[in-house]
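Please read the points below alongside the model.

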Amino acid sequence: MFQLGKTIVSEDILSKDFVCNLTACKGACCVNGDAGAPLSLEETKILEEIYPKVKPFLRKQGIAVIEAQGTSITGTDSDLETPLIDDQDCAYVIYDGKTALCGIEQAYNQGVIDWKKPVSCHLYPIRVKDFTEFAAVNYDKWDICDPACSLGQELEVPVYKFVKEALVRKFGEDWYLELEKVAEGMKK
């Protein structure tokens, strides 16, 4: 672990390799687990605002859950998160064949909205836990992502480079440039 500004960062994001391999995992991170995607209070407001534009991209099951529970929920641990369909799929999941994709991101990719998706999804496999004085930035190792780890090793892409856009979105360009300096220092 090392400190970078107001973050405590796991060295694993620099030393572990990762590149999503949707052909192997089929988007399992969006349909497995015991909770929806973590959300900030600001993101819950964004979801409410963009929902009418995202709705046409969603499955009827997702729409039914969102319209019954809301565009976001408070989970069992009192954290804000996306609602789930039958305690499995994120309500915003759509399918391309057997591969789970994000309906929010599809709306973004088609230029309908200008918000890509929740930052927790964009950052994955990095998870950020906010505390009063700092944020913990950790690598979340999950066996469903073993194909992503193998592909990352094959392509020699460390986690922090794979999620660069999301890290810049979350912490800013200057923070990311400092992270790169730490990574370079570790190589020496």
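How many disulfides does a search of the whole structure find?

1. The model is a predicted one, and a search of it as a whole returns zero disulfides. A pair of cysteine sulfur atoms would have to lie within 2.5 Å to count. For Cys-20, the closest cysteine sulfur belongs to Cys-29 and is 6.2 Å away, so the two are too far apart for a bond. Cys-149 is in a like position: its closest cysteine sulfur, in Cys-145, is 6.6 Å away, which is also too far.

2. Setting of these cysteines. Cys-20 is partly exposed, because its relative accessibility is 39%. Cys-149, by contrast, counts as buried, because its value is 11%. The cut-off for buried is under 20% relative accessible area.

3. Overall form. The protein has 10 helices and 10 strands. Its C-alpha trace spans about 55 × 35 × 35 Å along the principal axes. The radius of gyration is 17 Å; a compact globule of 188 residues would have one near 16 Å, so the value agrees with that expectation. Of the 188 residues, 44% count as buried. Among contacts with a separation of 6 or more, 65% come from residues 24 or more positions apart.

4. Helix H3. This helix covers residues 41-54. Its 14 residues should span 20 Å at 1.5 Å a residue, and the end C-alpha atoms are 19 Å apart, so the length agrees.

5. Burial of H3. Which residues of H3 are buried? They are Glu-43, Thr-44, Ile-46, Leu-47, Ile-50, Tyr-51 and Val-54. An α-helix has 3.6 residues a turn, so residues three or four places apart point the same way. The cover over the buried residues of H3 includes helices H4 (60-69), H5 (103-109), H6 (119-123) and H9 (164-171), together with strand S4 (80-81).

6. Aromatic pairs. The structure holds five aromatic pairs. One of them joins Tyr-160 and Tyr-176 in a tilted arrangement, with 6.2 Å from centre to centre and 40 degrees between the planes. This pair links distant parts of the chain, since Tyr-160 is in helix H8 (residues 159-162) and Tyr-176, 16 residues apart from it, is in helix H10 (residues 173-187). Tyr-160 counts as buried because its relative accessibility is 2%. Tyr-176 is buried too, at 1%.

Notes:
Residues are numbered from 1 along each chain as its sequence is written. This is a predicted model: local features need pLDDT of at least 70, side-chain atom pairs count only at pLDDT 80 or more; totals for chains, interfaces and linings use all residues. Side-chain values use heavy atoms; hydrogens and water are left out. Rings of Phe, Tyr and Trp (its six-membered ring) pair if their centres lie within 6.5 Å; planes under 30 degrees apart count as stacked, over 60 as edge-to-face and the rest as tilted. Helices (H or I, at least four residues) and strands (E, at least two) are DSSP runs, numbered from the N terminus. Buried means under 20% relative accessible area, exposed over 50%, partly exposed in between (1.4 Å probe, protein chains only). The expected span of a helix is 1.5 Å times one less than its number of residues. Contact means heavy atoms within 4.5 Å. The radius of gyration is taken over C-alpha atoms; the globule rule is 2.2 Å times the number of residues to the power 0.38.
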